Amino acid sequence: MPNHAVPQRALVIIPTYNEIENVPTLVHQVLGIDPRVHILFVDDGSPDGTGDYIRSVMETEPRVQLLQRPRKMGLGTAYCRGFEHAMAQGYDVAMEMDADFSHNPAMIPQFLKEIEDADLVIGSRYVRGVNVINWPMSRLLLSYFANVYSRFVTGMPLHDGTGGYKCFRTDVLRKIDLSQIRSNGYSFQIEMNFLVWSMGGVIREIPIVFEERHNGVSKMSKNIIYEAAGLVWKLRFSKMFGRLKKRYLPA
Ligand SMILES: Nc1nc2c(ncn2[C@@H]2O[C@H](COP(=O)(O)OP(=O)(O)OP(=O)(O)O)[C@@H](O)[C@H]2O)c(=O)[nH]1
Ligand SMILES: [Mg+2]
């Protein structure tokens, strides 16, 4: 399925909620990495003024865009709106990236290289051992075993199915009915991977080092875990009973 094309335009989608401490440096680093890269922030009415800051950057920086939403609506829908934007504006690839420097911008060129002959490139924390810095053991174990569990239930041969540093060809996103995606936290990542995998897309994992945020506040919750635990079974059974294609992959 990959068309072996060098991406000409890439949209890095960065959802933000109260990231004023991180965004100024992040914008600078991401734009500096490659002239093909543009940024779309999806800000959910951050009370700390993240949206206002981004608007001020946009006055002089045409490679930065903002999708402002009124209130905190979750990561999954933020990315889906971002993907729609990337498709509408004719970007070749759309990337997912956190604002808190857990995802090192220096890896962007490698994603853009790998996507030349893949449909989805996933930055993996677990492809060569464990590459996570500054997580308590409890969180690391949770993440690691969530991945073992998800791999077992879905059958997807991924080391890191819940990571959020990734790069999609927009051609692949066009085949998915994004309005059907309901999940928000880690399960959003699993759901997207599962759809690309189920349509026979080429998925590649590249090793990344994930570093826990230095600034700002975490938004991790128990609900996110329960959501993911249930979703993997839903995906497995809907595929088994032939409902997956009808629901998500209409073409
Ligand atoms: N637009 C939007 N962005 C969000 C929302 N929740 C989280 N984010 C952003 O999504 C990215 C990932 O969120 P994090 O809070 O870092 O989640 P995490 O990496 O699982 O947890 P920590 O790094 O431990 O805080 C960050 O850029 C957040 O600002 C939301 O509801 N809406
Ligand atoms: Mg984070």
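Predicted model: local features only at pLDDT ≥ 70, side-chain atom pairs only at ≥ 80, totals over all residues.
For Thr16, a polar backbone atom is 3.3 Å from a nitrogen atom of ligand 1. The ligand taken alone exposes 630 Å², of which the protein buries 94%.

## Cysteines

A disulfide is a covalent bond between the sulfur atoms of two cysteines. The number of disulfides in this model is zero. For Cys80, the closest cysteine sulfur is that of Cys167, and because the two are 16 Å apart, they are too far from each other for a bond. Cys167 is accordingly in no disulfide, the sulfur of Cys80 being the nearest cysteine sulfur to its own.

What is the accessibility of each of these residues? Cys80 has a relative accessibility of 3% and counts as buried. Cys167 is buried as well, with a relative accessible area of 0%.

Ser124 belongs to strand β5, which covers residues 120–124. With a relative accessibility of 0%, Ser124 counts as buried, because the cut-off for that class is under 20%.

Two polar contacts involve the side chain of Ser124. One reaches the backbone nitrogen of Tyr126 at 3.2 Å, and the other joins it to the side chain of Glu205 at 3.3 Å. Leaving out residues up to four places away in sequence, Ser124 touches His159 and Asp160, together with Glu205, Ile206, Pro207 and Ile208.

Glu21 is placed in the loop between β1 and α1 (23–33). Is this residue buried, partly exposed or exposed? Its relative accessible area is 48%, and Glu21 is therefore partly exposed.

Glu21 and His214 are 193 residues apart in sequence, while their C-alpha atoms are 9.6 Å apart in space. Beyond its neighbours within four places in sequence, Glu21 is in contact with Asn215 and Gly216.

## Positive phi angles

Which phi value does Phe101 adopt? The angle is near 70 degrees, a positive value in a residue other than glycine. Phe101 is located in the loop between β4 (93–96) and α4 (108–114). At 23% relative accessibility, Phe101 counts as partly exposed.

Asn134, which is not a glycine, also has a positive phi, of about 75 degrees. Its position is in the loop between β6 (132–133) and α5 (137–154). Asn134 has a relative accessible area of 54% and is exposed, whereas Phe101 is partly exposed.

How values were computed
Residues numbered from 1 in each chain as written. Chains lettered and ligands numbered in written order. Heavy atoms only, no water. Polar contact = N/O pair within 3.5 Å; in protein donor to acceptor, adjacent residues only side chain to side chain. Areas by Shrake-Rupley, 256 points an atom, 1.4 Å probe, with all protein chains shown as cover. Disulfide = S-S within 2.5 Å. Buried < 20%, exposed > 50% of the residue type's maximum accessible area, 1.4 Å probe, protein only. Helix = DSSP H or I, 4+ residues; strand = E, 2+ residues; numbered from the N terminus. Contact = heavy atoms within 4.5 Å.
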